[in-house]
Amino acid sequence: MTGLRYVYAVCRPLGAPLQAELTGIGGAPPALLHHHGLVAVVSTVPEHDFSEESLRARLEDLDWLSATARAHQGVIDALTTVTTPVPLRLATVFRDDSGVRTMIEAREDDFRRILDRLEGRVEWGVKVYVESEPREAPAPAAARPASGRDYLRRRRESTHAHEEKWRTAETFAETLHERLTLRAEDARLHPPQNSALSGTPGQNVLNAAYLVSRADSEEFVELVDRTKGEVPGVRVELTGPWAAYSFSGEER
């Protein structure tokens with residue numbers, strides 16, 4: 001079976017070994033390819049899955065895509081515990097080690113610049129959601145509108161309450177983002193997630209990433225935690241620490 005070289009990330013030489021049981025895509029342990037003082041973290045993957053033609057079909061297979069993304073992320077997470085990686089895009093593949101070395105040489109200055117900037121820093125994600133309104137049970141006959149005018153009045157009151165809840169959530173999200181940006185070295189605002197696609201309950205009003213030094217991360221986390229429950233009907237979620245995808249010029 002012909003294999004291709006899959007690249008997870010580029011980093012500097014590791015100061016500590018990767019965990020012995022770590023596996024990457026296909027279940028094989030990742031390997032380290034050293035070149036020009038940089039390290040590409042790689043594994044061999046089957047060409048019948050990762051050739052350009054095969055990938056077009058594979059990326060339509062959601063089960064395969066999900067499993068591949070989990071394996072990719074598992075390697076990045078393990079790297080983040082021992083070094084500062086520059087994660088590469090999912091399904092970055094080359095014909096052989098020579099192709100990987102050529103890529104490193106072509107992007108060497110960029111890799112070194114990004115690694116200098118990200119050294120000792122991690123990414124934290126913060127999302128703010130407006131909680132979904134509970135589904136109302138049908139009103140008993142005695143509580144039903146007595147007239148069309150009464151019905152319209154109730155609808156206006158419901159709409160006003162909903163709009164007020166959104167305004168409160170948006171103001172809270174803007175204020176929180178400003179506070180967190182002051183505690184971070186950099187920040188990125190991403191488009192709000194579609195709840196129907198993500199499967200996460202509620203409406204997303206803030207989807208942000210923050211670049212924070214490891215030394216300041218505990219204080220950053222405590223600040224986020226203090227805001228949880230601050231506004232009724234608004235949920236704050238914190239994720240991380242991650243490799244700094246949002247600040248590396250690479251996409252997940």
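## A walk from the aromatic cluster to the salt bridges

Tyr6, Tyr8, Phe50 and Trp64 form one aromatic cluster. Before going further, keep in mind that this is a predicted model, where local features need pLDDT of at least 70, side-chain atom pairs count only at pLDDT 80 or more, and totals for chains, interfaces and linings use all residues. Residues are numbered from 1 along each chain as its sequence is written, and side-chain values use heavy atoms, with hydrogens and water left out.

Back to those rings. A pair of aromatic rings is described by the distance of the centres and the angle of the planes. Rings of Phe, Tyr and Trp (its six-membered ring) pair if their centres lie within 6.5 Å; planes under 30 degrees apart are stacked, over 60 edge-to-face, and the rest tilted. That rule gives four aromatic pairs. One of them is Tyr6 with Tyr8, a tilted pair at 4.8 Å centre to centre with 50° between the planes. Tyr6 is buried at 0% relative accessibility, and Tyr8 is buried at 0% as well (buried means under 20% relative accessible area, exposed over 50%, partly exposed in between, with a 1.4 Å probe and protein chains only). Phe50 and Trp64 make a tilted pair too, 5.3 Å centre to centre and 50° between the planes. Phe50 lies in helix H1 (residues 47–50) and Trp64 in helix H3 (residues 62–80), so this pair ties together parts that are 14 residues apart in sequence. Phe50 is buried at 3%, and Trp64 is buried at 13%.

Now zoom out for a moment. The chain has seven helices and nine strands; these are DSSP runs numbered from the N terminus, with helices (H or I) of at least four residues and strands (E) of at least two. Of its 252 residues, 40% are buried.

Next stop, Tyr129. The charged end of Arg235 sits over the Tyr129 ring, 4.3 Å from its centre (the rule asks for NZ of Lys or CZ of Arg within 6 Å of the ring centre and within 35 degrees of the ring normal). Tyr129 also has a polar contact of 3.5 Å with Gln193, side chain to side chain. Such a contact is a pair of N or O atoms within 3.5 Å; within protein, one must be able to donate a hydrogen and the other to accept it, and residues adjacent in sequence count only if both atoms are side-chain atoms. Gln193 itself is in the loop between strand E7 (186–189) and helix H6 (195–198), and is partly exposed at 33% relative accessibility.

What about the charged pairs? Side chains of opposite charge can pair when their charged atoms come close. A salt bridge here is a side-chain nitrogen of Lys or Arg within 4 Å of a carboxyl oxygen of Asp or Glu, and the count comes to 16. Arg12 bridges to Glu119, with the closest N and O atoms 3.9 Å apart. That pair links distant parts of the chain, 107 residues apart: Arg12 is in the loop between strand E1 (3–11) and strand E2 (31–35), Glu119 in the loop between helix H4 (97–118) and strand E6 (121–130). Within helix H4, Asp110 and Arg113 meet at 3.4 Å, N to O; they are three residues apart in that helix, so about one helical turn separates them.

Arg235, the residue over the Tyr129 ring, also forms a salt bridge with Glu237 at 3.0 Å between the closest N and O atoms. Arg235 is buried at 16%, while Glu237 is partly exposed at 28%. Finally, salt bridges that share partners join Arg12, Asp116 and Glu119 into one network.
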